[in-house]
Structures are given as C-alpha cells and as structure tokens.
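Keep the structure open while reading.

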Amino acid sequence: MAAGLVPQIPIALAATLASRQNEIVRVTGLSNREFLERYAQPGRVGLSGGMTLIDKAIGRAQRHLDAEERWGCWSHSFLFQGQRHDGHHWVIESDLQIHRKHIQLGVQENRISKYFDEHLYSTLAVLDFGLAQEHISVLLREALDLVASRARYSLRELVGTLIALRHPELRGRENVLSRECSMYCSAFVQYLFRKTGIDLAPGVDAKNTTPEDISRTVVPHVTYLLEREPARPRLARVAARVRRRVRARLKHLKGIRR
C-alpha cells in the first residue's frame, strides 16, 4: 500500500463490525499491570480516570454530555502500540508530563508501565474494535508521524472544547481555538481513527472530542473494564482506625486490672 493512502474498509469487515454487539467485559481482582498486560494489543484504545484535581475537572466538564449531568468517568485516552523489542508494551498518546528537569508536551511514546500506578490511574478500560491488520497499520503509521512531527498537546484547544461542551451547537464545528499541528488526547485518538475511515464520534469535530465521547462510541466494540471495590471515604477510614485503637486500649487496661 502506498504511503499516505487510507485503506477502505472491506465489505466483509464492515459487515462484521455492524453485526457485533457492543459488550462490556467487567474484570475484577487484577492489578493495573495484570489488566493491561492481559488486554493491551496493537490498535486497541485505552481510557483512564483518576482522582487528581485535573481528572476531576475533566470529569466535571463532561457532565454536559449526560442527560442527568453525571460526571464523566474518563479523563484521558491513548492508543496501544504493542510489544516492542525491549519486551515492553508501549502506548502512543498526546499528553502533558512533567519529569525532573524535563517536560513532555505533545504526542509521545511511553511504556504502559506508566499506567501501573493505581493511585494515579484508579480506573482503566481497553476498547477492542476488532480491526484488521491494515487498519491497525494506518493507526500506528499516522500516530508515529505525529510523534516525528512533534505535534503539541493543546491546552488552548482543550479550552475550546470546554466552551463547546457548554454550547452543544458548537460541537460539530471547528474548535473555536483550533491551531495547527496540535491536539489533546481524545482529539488525537479520534483523528487517527478517522484516518482509517472509522468515526468514533459522528457529528463532533475531531478537536471537540472528549474521552467520554470515545467511551460512548456506537462503533461496535468490546470494552474490557477494570473494576475495583470502591475505596472507603477518608472519614470512614479514620473512624475505623480510632475504633481499633480504642478496642486495643480497652483490652490493654483490662489486662492491667487483672
């Protein structure tokens, strides 16, 4: 296939996609590492959510997508690249990362070990669209091209998307703060899939696409969802510790009296 050409979806593949039912496979009892190493495959899409202020802000902004204004579950999306010669699985994503004396701002490659931290990434999902190898090749080729061209992470376009979320009539129009060679995480994923001829969020401009849009796509797929027991509120944890200490103290005092 000549470079730059987008393969058409074969009739057989289109029929397969159309016939598949969207399915959620709920997975429990695994660590982030075990979950990702089991379900990460080239061409699949990852979603993550967390408890940081940024995660909560993005989740809150996506409440406008829900009829009952429930907050979005997802704050970041990325593409799985597959296992490389170093033995590690890698992802390609548009992200902002701050390391000691170094800032990564834009489309980049990272090992999936980045997502093993269960405190930072408390919620994970993997979306499998059952793509043919030729379409996976297009996704990876286009993604790596954006890595090589140093496409930037666009905070400006993120603000434009927040505006569009408040004004739904703007969602299908060009992002009001669009700029060249830049995109945030879910816009990056939407851009890549449209290069294969698959539209994850029809009617929404690529640069107005949110992680929640990706998670709710009607394109047939299987979602592998890592579920955990909900963490007890901090106040409940403190109260439990106090009760344990009180019981231990009473037991100690009874022992002294004897």
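The points below cover strand pairing first, then the pockets.

This is a predicted model. Strand 6 spans residues 123–128 and pairs with strand 2 and with strand 7. Strand 6 also gives at least two residues to the lining of the largest pocket.

**Strand 6 and its partners**
- Five of the six residues in strand 6 are buried, so the strand is mostly covered.
- Strand 2 (residues 45–49) runs antiparallel to strand 6, and five bridges join them.
- Serine 48 has leucine 124 of strand 6 as its bridge partner.
- Strand 7 (residues 222–226) is also antiparallel to strand 6, again with five bridges.
- Aspartate 128 has valine 222 of strand 7 as its bridge partner.

**Largest pocket**
- Its volume is about 870 Å³.
- The lining holds 31 residues; Cys73, Trp74, Thr123, Leu225 and Leu226 lie nearest the centre.
- Strand 1 (23–27), strand 2, helix 3 (53–61), strand 6 and strand 7 each give two or more residues to this lining.
- By class, the lining has 12 nonpolar, 12 polar and seven charged residues.

**Second largest pocket**
- Helix 3, strand 4 (89–99), helix 5 (155–166) and helix 6 (185–195) each supply at least two lining residues.
- Helix 5 gives the most, with six residues.
- The lining divides into 17 nonpolar, 10 polar and three charged residues.

Terms used:
Residues are numbered from 1 along each chain as its sequence is written. This is a predicted model: local features need pLDDT of at least 70, side-chain atom pairs count only at pLDDT 80 or more; totals for chains, interfaces and linings use all residues. Side-chain values use heavy atoms; hydrogens and water are left out. Buried means under 20% relative accessible area, exposed over 50%, partly exposed in between (1.4 Å probe, protein chains only). Helices (H or I, at least four residues) and strands (E, at least two) are DSSP runs, numbered from the N terminus. Two strands pair if DSSP finds at least two bridges between them. On a 1 Å grid over the protein atoms alone, a cavity is a set of points where a 1.4 Å probe fits but cannot get out, and a pocket is an open set with protein on both sides within 12 Å along at least five of seven lines; lining residues have an atom within 4 Å of a point. Grid points are joined across faces, edges and corners, and a volume is the space filled by probe spheres set on the points. Ala, Val, Leu, Ile, Met, Phe, Trp, Tyr, Cys and Pro count as nonpolar, Asp, Glu, Lys and Arg as charged, and the others, Gly among them, as polar.
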